[in-house]
Amino acid sequence: MKALLVFLALYPATRVVAESRPNFVIIYTDDHRWDAVGASRASSIQTPNIDRLSESGRYFPNSFVSLSICAPSRASLLTGYYGSTNGVMDMESALIVEDDTLAERLAESGYETSLFGKWHLSSTPERLGFAYSSYFYGLVPYWDVTFMRQGEELVLEGFVDDATTRETMLYLDTVRKRNKPFFVCYNSFAPHMDNSFAWPARESSLELYPKSKLPYPSTWEGELPGKPPYLKRNRPRQRALEYGYADLNNVLDHIQGYYASVTDMDAAVGELLDYLRREQLEDETYIILMGDNGWFNAEHGLTSKVLPYEESIRVPLIVSGPGVEAGVSEALALNLDIMPTVLELAGLPEDDKLHGRSLVPLLKGESVEDWREYIYYEAPHPQHGTMPLISVRTKDWKYVATYAEPTLENLMFEELYHLESDPGEWRNLISDPALDSKREQMVAFLEEARARYTNEAGLGKRKPLSGL
Ligand SMILES: [Ca+2]
């Protein structure tokens, strides 16, 4: 016994663990649509730094979020649950799960946990498991933003994502000397619109995208055939008209600003990637880059997000790190998969209540025969002018059900798209009698997902987290 005590004194548990456990850096980019990375080969966007990550890591071109808006997407990332279980289905709600967040589980097992940049939950980083944080809440300017660093306000000069990178590197300089593994959440702000609803990107980045050469969606005039009629008069379209989308020149201004802001964000991410390489942390660190939601750049004449179309719900996802086989995985991935993936890579217990699935076999380049056949998307609470809706998307098809009430009763409108032949979702095939069996299959998926992922499926007792 005495010998054991001496051993434990010499080798504290966290020290032993540190030598075998990897670090994590999650880069959660804001309003970053799937085709706004070079790896997508779907646009002329320039993201040379994120491209480096995709070349050395695994790129998931078919990645989605569970609800395409800031707070719910982040709540699902941190809890591993859909919003209808964790309670966050709009921008104001509080988390209601009592289960530990991803950050709490890692902190309890000896990880140094931290969060930098944008925060958009009604709690604080500290309360949800981040021991260190330097952040700002919600909507801010692009330049000279006031951060809250460990409870103290300070204005950080320059472009907001550059400031987030500097704060992250400052912290890593210190924490990596503690001989404990670290878990960093780096949340960009760009390419989210700034607090004046513009994209004040660097002039040098704007010049990369001359408007005369920018592609634009052929549906920018917003005729909305086959879409729920309410969309013509509600916010996603009305806001677009306020932005001047009746004039193509204004649409191009927005696409240019969005692209340039992505490039500015990419440069800030590149500084962080350079640091990790320079400090020889790459070989022991998993880097996971994902968008929190997408963004309509006038597709269907719309702006913003939440709606279940590709530009809104589909996001970039790239994972690099030890043992990750470089390449592309076509599997349908979700933001809900991040938590089980990190738990497995950190050697922590599997939690079969979580709604996502570990990507680890896919990261190794293995094929997984029983991988999910569809992703489920839910936006039951009206927000940003949307009606309650839920959707399922397989590799080739999408079905959308829009309802009159948040309880998802009184079905108002159905949509069915064949994504393989109609990736822009222009032709609603719901009335095609030849596709009745396809509709039935998609509705069956939808009902299966509702039963599995809503709170009625049973998480046991739930209560609001204290202090929210
Ligand atoms: Ca967002």
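Residues are numbered from 1 along each chain as its sequence is written. Because the model is predicted, local features need pLDDT of at least 70 and side-chain atom pairs count only at pLDDT 80 or more, while totals for chains, interfaces and linings use all residues.

Colleague: How far apart do the C-alpha centres of domain 1 and domain 2 lie?
Modeller: The bounds come from an automatic or database domain assignment. This assignment gives domain 1 as 21-363 and domain 2 as 375-457. The separation of their C-alpha centres is 25 Å.

Colleague: Which element gives the largest share of the side of domain 1 that touches domain 2?
Modeller: Two residues are in contact if their C-beta atoms, placed from the backbone, lie within 7 Å; the contact takes 29 residues from domain 1 and 27 residues from domain 2. Helices (H or I, at least four residues) and strands (E, at least two) are DSSP runs, numbered from the N terminus. Those giving two or more residues to this side of domain 1 are α5 (83-86), α9 (235-242) and α11 (310-313). The largest share, three residues, comes from α5.

Colleague: Against which element do the buried residues of α9 pack?
Modeller: The buried residues of α9 are Pro236, Arg237 and Ala240. They cover an arc of only 95°, taken from the directions from the helix axis to the C-beta atoms, which puts them on the same side of α9. The element they pack against is β11 (303-304).

Colleague: Which residue of β15 is the bridge partner of Phe64?
Modeller: Three strands form an open, mixed sheet in the order β12-β3-β15, two strands being paired if DSSP finds at least two bridges between them. β12 (314-315) and β15 (333-334) each have a single partner strand, so one side of each is left without a neighbour in the sheet. Strand β3 (residues 63-64) pairs with β15 in the parallel sense over two bridges. The partner of Phe64 in β15 is Leu334.

Key: Buried ≥ 20, exposed ≤ 12 C-beta atoms within 10 Å, placed from the backbone.
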